[in-house]
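Hi everyone, thanks for making time for this one. Let me put the structure up, and then I'll walk you through a few spots.

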Amino acid sequence: MSEEELKKPEQIVHYPDPSFQESALIHDYNELYHEFEKDPDAFWRRIASDLLWFKQWDNIKVWNHPYAQWFTGADLNITYNCLERHVNNDRRNKVAIFWAGENGKERILTYYQLYKDVMRLGNALKSLGVEKGDRVCIYLPGIPELVVSMLACARIGAVHTVVFAGYGSKALNERITGAGAKIVITADASVRRGGSIPLKPVVEEALIHAPTVERVIILRTQEPKVSLLDEFELDYEDLISQADRYCEPAHVDSEDPLFILYTSGTTGPPKGIVHAAGGYMVGAYYTTKYVLTLRENDVYWCTADPGWITGHTYGIYGPLLVGGTIFLSEYTPDYPDPGIWWKLIEDYGITIFYTAPTAIRMFMRIGEEWPNKYDLSTLRLLGSVGEPLNPEAFEWFYKYIGKEKCPILDTWWQTETGMHMVTTMVGLPMKPGYAGKPIPGVVATVVDDDGDPVPTGATGFLAIKEPWPSMMKTVYQNDERYQQYWNFGKYGYYSTNDLAVMDEDGYIMLLGRSDDIIIVAGHNVGTAEIESALVSHSAVAEAAAIGKPDPLKGNIIKAFVILRNGIVPTPKLIHDLRYHVRIILGPISVPAELDFVDNLPKTRSGKIMRRVLRAKEMGMDPGDVSTLDD
Ligand code: PRX
């Protein structure tokens with residue numbers, strides 16, 4: 001396709017810089033996609049064969065709609081691939097993790113050191129009676145111990161469920177009890193913007209009605225040390241120092257669960273997305289190598305907290321599987337000043353920088369004088385994830401951070417997909433506003449309600465037609481909810497719940513959610529969770545939450561609240577309700593705006609019509625309101 005043909009009047013197209021093309025060992029997209037299409041199983045066999053398996057698979061996949069099993073009959077351990085595969089070869093002394101803490105604190109772990117730490121904690125967990133298949137909840141800030149804890153679980157075949165350390169006590173309790181965790185690993189506090197945020201009180205409250213928890217392991221970082229509850233709470237360092245050194249990697253079946261990660265649902269409590277060992281490992285490895293193009297000499301920074309899926313796949317597992325060097329930091333983007341991230345890029349010579357649109361928009365607003373103070377010339381590739389990267393933010397990122405040399409990957413995927421699904425792979429022309437094409441290995445399409453393709457340029461639903469290795473196994477203890485995903489239209493496609501448009505070159509633009517999930521600063525928040533948190537306040541009779549477009553955060557949360565009889569609406573009550581949500585769910589879920597109303601638009605069956613609220617809020621036509629109750 002010629003440059004002319006690709007160019008539409010308003011659509012900007014950037015062609016990858018030739019100097020980059022030469023240096024970056026990129027893979028030809030069309031060739032790779034063709035290889036996949038010709039024989040999908042052979043394609044995945046080739047990828048999976050780079051990794052070490054204790055026992056080979058019988059089949060690459062067994063597809064029994066809506067269930068796919070991957071690498072059936074195979075035995076493996078993901079940590080053997082993340083650690084021994086490198087330690088026993090040339091990467092023993094290679095830096096696995098550079099960690100930068102506030103105030104210039106630094107920690108460096110080589111592959112060998114990480115390997116030793118993981119084995120010790122693995123043994124410590126075993127000594128507490130943790131067995132294969134047991135769930136361990138990890139509630140830690142983005143410090144090396146979080147990486148060690150995840151890998152230690154995987155080492156012994158336990159299933160980790162990481163909860164982002166910004167979540168409040170109820171959200172934490174729901175996830176601990178939902179997963180039936182036996183052990184919780186946490187810290188006394190996390191560090192943020194020059195201060196420390198206590199975590200232990202949140203954990204204590206979350207543990208009160210959590211009957212499955214037998215022990216809590218606490219990393220104590222603060223002086224004076226917090227006191228521990230005898231027998232129930234154990235000191236992380238003590239445990240490690242008493243643990244045996246060598247820990248055999250558990251042989252887990254490819255289909256055994258590796259982790260559960262909770263994500264917000266449209267209704268009811270959050271969903272525990274289950275990922276299995278073999279398929280997830282292959283998906284994470286493949287995309288880190290071929291999409292992120294992570295190479296031997298890269299220093300790679302994924303700014304997502306390890307507590308999210310991006311942190312799981314591209315902060316930890318993917319880069320360790322390919323033997324890369326990870327940069328991890330607890331610095332927020334604007335403290336002590338808005339130059340800190342650019343300073344870190346200069347100091348560590350970061351080569352690949354993977355971040356979120358909300359951060360890019362924040363930097364754009366602050367201005368390019370901050371990045372201009374630093375040498376960003378080591379950067380060779382930029383990435384974005386979590387929500388659409390709007391063309392203005394793309395252009396700014398491209399020009400001021402990538403200096404018009406670095407390709408930008410706008411990666412579309414989900415907690416459920418486990419790996420990248422749609423993006424513009426390095427080497428292809430980039431169209432700001434469009435995420436790009438399905439990557440080789442993924443069969444995605446834009447369809448109408450029935451599942452039939454919509455015409456080029458028309459809005460439809462993004463659906464996935466065929467299984468892929470790192471697809472979720474199920475929703476923990478809720479198979480019915482899993483099945484709903486593979487129930488789209490008449491062909492039973494996987495429904496992403498995202499609206500999309502495809503252009504004549506097959507590039508996909510994402511237009512936002514088609515359900516009641518709100519993406520706030522790239523974080524997935526369910527209206528149901530916010531509403532139930534509000535209703536749990538004694539003053540509230542009913543509540544509805546919607547997402548309202550915001551130039552910085554993508555969306556903000558707006559809540560509508562009906563008060564109980566006799567309760568007087570006051571400005572103070574608005575603050576109280578916002579505090580209440582913050583304590584229960586954490587800061588991400590707090591409504592930025594809250595209105596008191598007398599009634600809410602509902603269907604005759606009593607379902608709140610958020611669509612009507614949203615339209616009214618934005619001064620738009622509410623569309624079909626025939627189901628609206630009087
Ligand atoms: O709506 C899409 C949006 O984030 C949703 C998935 O959220 P979560 O499971 O929390 O995972 C986020 C990180 C992978 C999607 O259904 N989303 C994610 N990436 C993009 C995006 N929307 C547009 N463009 C993206 N690149």
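Let's start at Tyr167, which has a relative accessibility of 11% and so counts as buried; the cut-offs are under 20% relative accessible area for buried, over 50% for exposed and partly exposed in between, with a 1.4 Å probe and protein chains only. A word on where this comes from: the model is predicted, local features need pLDDT of at least 70, side-chain atom pairs count only at pLDDT 80 or more, and totals for chains, interfaces and linings use all residues. Residues are numbered from 1 along each chain as its sequence is written, and side-chain values use heavy atoms, with hydrogens and water left out.

What sits over the ring of Tyr167? That is the charged end of Arg175, 4.3 Å from the ring centre. To count, NZ of Lys or CZ of Arg has to be within 6 Å of the ring centre and within 35 degrees of the ring normal. Another such case is Lys431, which lies over the face of Tyr434 at 5.9 Å from the ring centre.

Now, aromatic pairs. Rings of Phe, Tyr and Trp (for Trp, the six-membered ring) pair if their centres lie within 6.5 Å; planes under 30 degrees apart are stacked, over 60 edge-to-face, and the rest tilted. By that rule there are 41 aromatic pairs. In one of them, Phe36 and Phe43 are edge-to-face, 5.5 Å centre to centre with 70° between the planes. Both Phe36 and Phe43 are buried. Back to our tyrosine: Tyr167 and Trp308 have ring centres 5.9 Å apart and planes at 65°, so this pair is edge-to-face. Tyr167 is in the loop between strand 7 (159-162) and helix 8 (169-179), and Trp308 is in the loop between strand 16 (299-302) and helix 12 (309-321), so the pair ties together parts 141 residues apart in sequence. Helices here are DSSP runs of H or I with at least four residues, strands are runs of E with at least two, and both are numbered from the N terminus. Trp308 is at 17% relative accessibility, so it counts as buried too. There is also an aromatic cluster, with Tyr29, Trp44, Trp70 and Tyr290 among its members.

On to strand 4 (residues 95-101). Why call it largely enclosed by the rest of the structure? Because 7 of its 7 residues are buried. Two strands pair if DSSP finds at least two bridges between them. Strand 4 runs antiparallel to strand 5 (residues 105-110), with 6 bridges, and parallel to strand 17 (residues 325-329), with 4 bridges. Trp99 has Arg107 as its bridge partner in strand 5 and stands opposite Leu328 in strand 17. In the hairpin of strands 4 and 5, with 3 residues between the strands, Asn103 takes a positive phi near 65°.

Last, a helix pair. The axes of helix 5 (residues 78-87) and helix 7 (residues 144-156) come within 8 Å and cross at roughly 115°. Those axes are lines fitted to C-alpha atoms over the stretch in contact, with angles from 0 to 180 degrees between N-to-C directions. Ile78, Thr79, Tyr80 and Glu84 in helix 5 meet Leu151, Ala154 and Arg155 in helix 7, where contact means heavy atoms within 4.5 Å.
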